[in-house]
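Subject: Handover of a structure and notes on its contacts

Dear colleague,

Please find below the structure that I am handing over to you. My notes on it follow directly after.

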Amino acid sequence: MMSKPSILVARAIFPEVLQSLAQVFEVESNQSDEVWSPAELTRRMQGKVGALTTGSERIDAALLQANPQLRIVANMAVGFNNFDVPAMTAAGVQASNTPDVLTETTADFGFALLMATARRITESEHYLRAGLWTKWSYDMFAGAEVHGSTIGIIGMGRIGQGIARRAAHGFGMNVLYHNRSRLSAELEAECKARYVSKQALLQSADHVMLVVPYSAESHHTIGAAELAQMKPTATLVNIARGGIVDDAALAKALAARQIAAAGLDVFEGEPSVHPDLLKVPNVVLTPHIASSTVKTRLAMAQLAADNLVAYLTRGQALTPLNTVTGSAA
Ligand code: DGY
């Protein structure tokens, strides 16, 4: 009998997904969910033809060089800035991600973070829990209006469009967007979204929502100069990636009330959080959970697993990020 191909599942995942992988592969797993160093990850990859990773595992030229047997790495995330895709392509390694299955869930969360930020939900809850609430006051935790206001979305991919639909159709908001390329006229009409320059968006939005993928070009899309262009009453929400915002500059702007508030699900150097962000009250902080519903995280894990099976048994990944030659099973 032919032995099963060996794969690595680099982080803990749903046991049922692990079991389904074990039907097809020899699986080394990490259900204790240790975060391995790059050297340990490289070592664990030895002898594996496939790997399932999350956004926390970096796949770079050094790891690929040490593992010439590797044929596919399936990321359980739509974002893939942890992958050096050109190096993977050069090494003949298939890269895949998990688009679509998390779009609406992540857009829901973007909206939840916007609401919590604008309406000061966590700040007021902390006040209540601290026993400080003694009377009703006319301006208690008065926040920013959401319905009927202007949202500016930077990054108008699938998730950005989901947020635009919620904003326009659910909350009667005026939707502006900025993106590398314009949407088709049909999509703009469906999202009721108007394309503007980044500067016009920053200057006129009541709420700025960041949904742009991380790359060298999008590093610090929002820094001190951009924060200075925003309205003093505006809020900023980042559900994209750490590094899109200059967190130190943002903490300064929040402390100085240069903008009203921010909601952040992602951070530069996470899981570390810039210490100055922890000191300001006008920021809502969540630990990178925008796609985290049970149903969606299961769908992401399943799609990553399906990519491994599809590529290693049939030579074709379901949601590939690159084209590699010699992919036949
Ligand atoms: C993604 O899918 O990119 C999310 O950020 C989860 O890591």
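This is a predicted model: local features need pLDDT of at least 70, side-chain atom pairs count only at pLDDT 80 or more; totals for chains, interfaces and linings use all residues.

Residues are numbered from 1 along each chain as its sequence is written, and side-chain values use heavy atoms, with hydrogens and water left out.

Domains and their interface

The domain assignment gives domain 1 (6-101 + 294-314) and domain 2 (103-285); such bounds come from an automatic or database assignment. Taken over C-alpha atoms, the centres of domain 1 and domain 2 are 31 Å apart. Domain 1 brings 8 residues to the contact and domain 2 brings 5 residues, where contact means heavy atoms within 4.5 Å.

The size of an interface is often given as the accessible area lost when the parts come together. Here the area buried between domain 1 and domain 2 is about 540 Å², and carbon and sulfur atoms give 41% of that. Buried area is the accessible area (1.4 Å probe) that two parts lose on being put together, summed over both. On the side of domain 1, Asn-81, Asp-100 and Thr-296 supply 66% of the area buried against domain 2, more than any other three residues.

Across this interface of domain 1 and domain 2 there is 1 salt bridge, defined as a side-chain nitrogen of Lys or Arg within 4 Å of a carboxyl oxygen of Asp or Glu. Asp-100 also forms a salt bridge with Arg-158, with 3.2 Å between the closest N and O atoms.

Salt bridges in the whole structure

How many salt bridges does a search of the whole structure find? The search finds 16. One of them joins Arg-166 to Asp-108, the closest N and O atoms being 2.8 Å apart. Arg-166 lies in helix 7 (residues 158-171) and Asp-108 in helix 5 (residues 103-118), so this pair ties together parts that are 58 residues apart in sequence. Helices (H or I, at least four residues) and strands (E, at least two) are DSSP runs, numbered from the N terminus. Asp-108 is partly exposed, at 44% relative accessible area; buried means under 20%, exposed over 50% and partly exposed in between (1.4 Å probe, protein chains only).

Lys-231 forms a salt bridge with Asp-206, with 2.8 Å between the closest N and O atoms. Lys-231 belongs to the loop between helix 10 (224-229) and strand 10 (235-238), and Asp-206 to the loop between helix 9 (198-204) and strand 9 (207-210), so the pair ties together parts that are 25 residues apart in sequence. Lys-231 is partly exposed at 27% relative accessibility.

A further salt bridge links Arg-120 and Glu-123, at 3.0 Å between the closest N and O atoms. Arg-120 is partly exposed, with a relative accessible area of 24%. A network of salt bridges also links Glu-28, Glu-40, Arg-43, Arg-44 and Lys-48.

Aromatic pairs

The structure holds 3 aromatic pairs. Rings of Phe, Tyr and Trp (its six-membered ring) pair if their centres lie within 6.5 Å; planes under 30 degrees apart count as stacked, over 60 as edge-to-face and the rest as tilted. Tyr-127 and Phe-141 form an edge-to-face pair, 5.1 Å centre to centre with 75 degrees between the planes. Tyr-127 lies in helix 6 (residues 121-129) and Phe-141 in the loop between helix 6 and strand 6 (150-154), so the pair ties together parts that are 14 residues apart in sequence.

Tyr-177 and Tyr-195 are likewise edge-to-face, at 5.3 Å centre to centre and 75 degrees between the planes. Tyr-177 is buried at 0% relative accessibility, whereas Tyr-195 is partly exposed at 28%.

Two individual residues

Glu-123 lies in helix 6 and is buried at 16% relative accessibility. Leaving aside neighbours within four places in sequence, Glu-123 is in contact with Phe-141, Pro-281 and Asn-282.

Ser-149 is placed in the loop between helix 6 and strand 6 and is buried at 6% relative accessibility. Not counting residues up to four places away in sequence, Ser-149 touches Met-173, Asn-174, Asp-206 and His-207.

With kind regards
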